[in-house]
Number of protein chains: 2
Amino acid sequence: MTKTISLACGNGGEENNELISKVFYKAFKNDILEKGEDAAIIHNGELAFSTDSFTVSPLFFAGADIGKLAVCGTCNDLAMMGAKPKYLTCSVIIEEGFVTADLERIVESMKQELEINGAIVVSGDTKVVPRGSVDKIFINTTGVGEVLKHGISANAITNDDVILVNRDIGCHGATIFAAREGIEMSSSLKSDCASLFPQVKALIDGGVEITALRDATRGGVSAVLNEWSKQSNICIEVEEEKIPVSDEVKGICEMLGFEATALANEGTFVLAIKKDDAELACGILKEFNPHAEIVASVTSRHVGKVILKSSWGTSRFLEMPNGELLPRIC
Amino acid sequence: MTKTISLACGNGGEENNELISKVFYKAFKNDILEKGEDAAIIHNGELAFSTDSFTVSPLFFAGADIGKLAVCGTCNDLAMMGAKPKYLTCSVIIEEGFVTADLERIVESMKQELEINGAIVVSGDTKVVPRGSVDKIFINTTGVGEVLKHGISANAITNDDVILVNRDIGCHGATIFAAREGIEMSSSLKSDCASLFPQVKALIDGGVEITALRDATRGGVSAVLNEWSKQSNICIEVEEEKIPVSDEVKGICEMLGFEATALANEGTFVLAIKKDDAELACGILKEFNPHAEIVASVTSRHVGKVILKSSWGTSRFLEMPNGELLPRIC
């Protein structure tokens with residue numbers, strides 16, 4: 001580890017994983033933590049349990065705000081384990097002088113998103129700190145969900161699976177970039193921030209054999225695929241042209257020199273589905289977003305690696321994102 | 001509500017309660033939240049669930065640090081509902097440039113305190129924000145505990161109960177004040193920060209009929225007694241001289257013009273125990289700290305009020321703390 005914590009340590013990529021494993025996992029180690037899933041499975045497999053703190057800047061942006069984000073983020077982590085979000089805690093740290101009407105607007109967003117998930121806030125904490133001790137407001141939500149579908153795991157993917165995404169990628173990251181840099185978009189670019197439980201429930205109800213699910217937040221689709229390739233000891237071969245990316249997101253990427261696969265998402269998830277059920281799953285997802293797509297196959301070509309194959313027949317490794325990506329993206 | 005959030009809104013007292021009820025409870029309202037307990041009881045009464053964010057300054061102080069505090073705080077909230085702390089989440093927000101060795105020291109403190117509670121961290125989140133966006137490090141912990149003793153409730157206290165405290169009060173508040181003001185104490189003053197589950201377990205194992213428990217954190221013993229008097233529609237009559245206060249804490253209070261009953265604690269709790277079991281409970285608590293004491297009776301004299309009776313026969317209302325108490329005390 002470096003002697004001080006750098007912004008890169010929070011990038012959702014390589015340095016972030018190093019900090020987590022060398023400092024936190026090292027001290028806290030236990031079987032549940034080592035599984036490296038989006039949410040812990042506790043209480044004899046009945047419940048999923050997950051936490052997230054939100055520091056996004058700006059607080060309000062196209063498509064969502066920190067309140068909606070705070071409910072979606074934690075509920076989505078539960079949904080990714082096949083769980084129905086049920087109980088949330090909400091802990092806020094507010095800077096002295098924060099405008100009460102803005103707080104009310106944020107809390108109202110949380111309320112609306114809770115209803116979509118059928119979840120309630122059952123415990124909270126409110127801290128106010130002096131001016132300069134925190135930038136405006138940070139929110140932690142922690143959730144407990146009821147596991148509806150058992151055995152979903154990032155460690156269980158095999159060559160029998162294919163990989164899907166539920167929609168076009170990178171909208172949240174591109175939106176925050178644009179807002180932060182003052183780029184005026186005359187387009188419809190907005191964050192993908194959304195609750196994913198309805199889609200997961202539709203897949204379960206539809207009888208889809210789900211192997212693994214993960215929402216592609218910090219570190220984007222690249223981070224998910226790289227984590228999965230290592231957790232399940234597989235090679236993931238991605239057809240680059242199959243990855244849905246909107247023109248607006250492509251524009252931002254070209255302007256700023258980013259890859260869409262490394263951009264953060266807040267309502268986009270990656271799925272590993274048994275081959276036989278892939279078309280069924282894709283059909284169900286398309287009812288929510290027409291850009292849902294099968295994007296990759298699982299092979300043994302380079303175990304622990306992700307290969308990006310272009311339509312011209314070339315291929316390269318898609319690496320885990322590293323360096324200082326955008327801080328305060330979520 | 002005021003148009004902006006003031007420091008007083010986080011004082012654990014009157015303004016804090018106004019913010020919680022007018023903004024958060026108003027939006028999130030549900031039966032569990034309205035009970036106003038230290039932890040929510042979920043999953044058919046089997047589990048307790050509670051959250052807390054920690055912003056204490058300085059990070060390291062006599063008797064503890066933010067890591068120990070973060071584990072004690074949440075585990076204590078679970079213990080106050082008669083629950084054994086089992087699973088914790090840990091979410092940290094770190095300022096860019098934070099010294100890694102300090103982070104390791106904090107995480108090591110957490111580990112030690114987890115062992116005392118027999119709890120494990122099963123899910124986490126790590127955010128790094130640019131310099132100036134947060135002061136050093138904030139930690140959220142959220143816990144799930146297994147309810148060992150059902151029916152403990154701040155809404156169930158009657159004239160059949162008496163009120164106890166488990167030790168001398170105000171040490172945490174006094175320690176942070178002294179550290180913040182640069183007061184050199186040649187004494188043994190240190191924070192009371194400690195895990196309370198072992199004491200709660202001893203009471204349960206000892207067969208004590210427990211009505212209610214609450215740890216006296218922000219807002220101190222005053223806040224707990226005032227909240228209880230309203231929640232249970234009772235009058236609490238406190239014998240002022242029975243409240244254990246150390247000479248060091250008295251000294252800080254005199255120097256700074258505070259009342260020990262309004263000072264924050266992190267290992268001190270208030271108990272409502274059936275009269276018949278009061279001596280039994282006090283005896284068990286004294287094995288942990290010799291200053292445990294029966295300090296008040298429950299009557300119907302002024303329902304919803306707390307009366308402080310001096311040894312000279314005078315009496316006055318002990319009010320809910322208000323105004324700007326010490327921010328970043330926990």
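This is a predicted model: local features need pLDDT of at least 70, side-chain atom pairs count only at pLDDT 80 or more; totals for chains, interfaces and linings use all residues.
Local features require pLDDT of at least 70 and side-chain atom pairs count only at pLDDT 80 or more, whereas totals for chains, interfaces and linings use all residues. Residues are numbered from 1 along each chain as its sequence is written, and chains are lettered from A and ligands numbered from 1 in the order in which they are written.

**View 1. The contact between chain A and chain B.** Chain A and chain B each give 63 residues to the contact, two residues being in contact if their C-beta atoms, placed from the backbone, lie within 7 Å. On the side of chain B that touches chain A, the elements giving two or more residues include α1 (14-28), α2 (31-34), β1 (40-42) and β2 (47-54) of chain B. Helices (H or I, at least four residues) and strands (E, at least two) are DSSP runs, numbered from the N terminus. The most is given by β6(B), with ten residues. This side of chain B divides into 33 nonpolar, 20 polar and ten charged residues. Here Ala, Val, Leu, Ile, Met, Phe, Trp, Tyr, Cys and Pro count as nonpolar, Asp, Glu, Lys and Arg as charged, and the others, Gly among them, as polar.

**View 2. Helix α1 of chain A against helix α4 of chain B.** Residues 14-28 of chain A and residues 100-117 of chain B form two helices that pack at an angle of about 15°, with axes 9 Å apart. Axes are lines fitted to C-alpha atoms, for helices over the stretch in contact, and angles run from 0 to 180 degrees between N-to-C directions. The two helices are therefore roughly parallel to each other; angles under 35 degrees count as roughly parallel, over 145 as roughly antiparallel, 65 to 115 as roughly perpendicular and the rest as oblique. A:Val23, A:Phe24, A:Ala27 and A:Phe28 meet B:Leu103, B:Glu104, B:Val107, B:Glu108 and B:Lys111.

**View 3. Helices α5 and α8 within chain A.** Helix α5 (residues 171-181) and helix α8 (residues 247-256) of chain A pack at an angle of about 55°, and their axes are 10 Å apart. That angle makes α5(A) oblique to α8(A). From α5(A), A:Cys171, A:Ala174, A:Phe177 and A:Ala178 meet A:Glu248, A:Val249, A:Ile252 and A:Leu256 of α8(A). Seven nonpolar residues, no polar residue and one charged residue make up this contact.

**View 4. The buried side of helix α6 in chain B.** In helix α6 (residues 197-205), the buried residues are B:Phe197, B:Gln199, B:Val200 and B:Leu203. A residue is buried if 20 or more other C-beta atoms lie within 10 Å of its own, exposed if 12 or fewer, and partly exposed in between, with C-beta atoms placed from the backbone. Their arc around the axis is only 160°, which puts them on the same side of α6(B); the arc is that of the directions from the helix axis to the C-beta atoms. Among the elements covering them are α3 (66-79), β5 (83-95) and α9 (278-286) of chain B. B:Gly207, which follows α6(B), has a positive phi, near 80°.

**View 5. The surroundings of B:Phe54.** B:Phe54 lies in strand β2 of chain B and is buried, with 26 other C-beta atoms within 10 Å. Leaving aside neighbours within four places in sequence, the contacts of B:Phe54 include B:Ile66, B:Leu69, B:Phe138 and B:Cys330. B:Arg328 is 274 residues from B:Phe54 in sequence, yet 8.0 Å apart in space, C-alpha to C-alpha.
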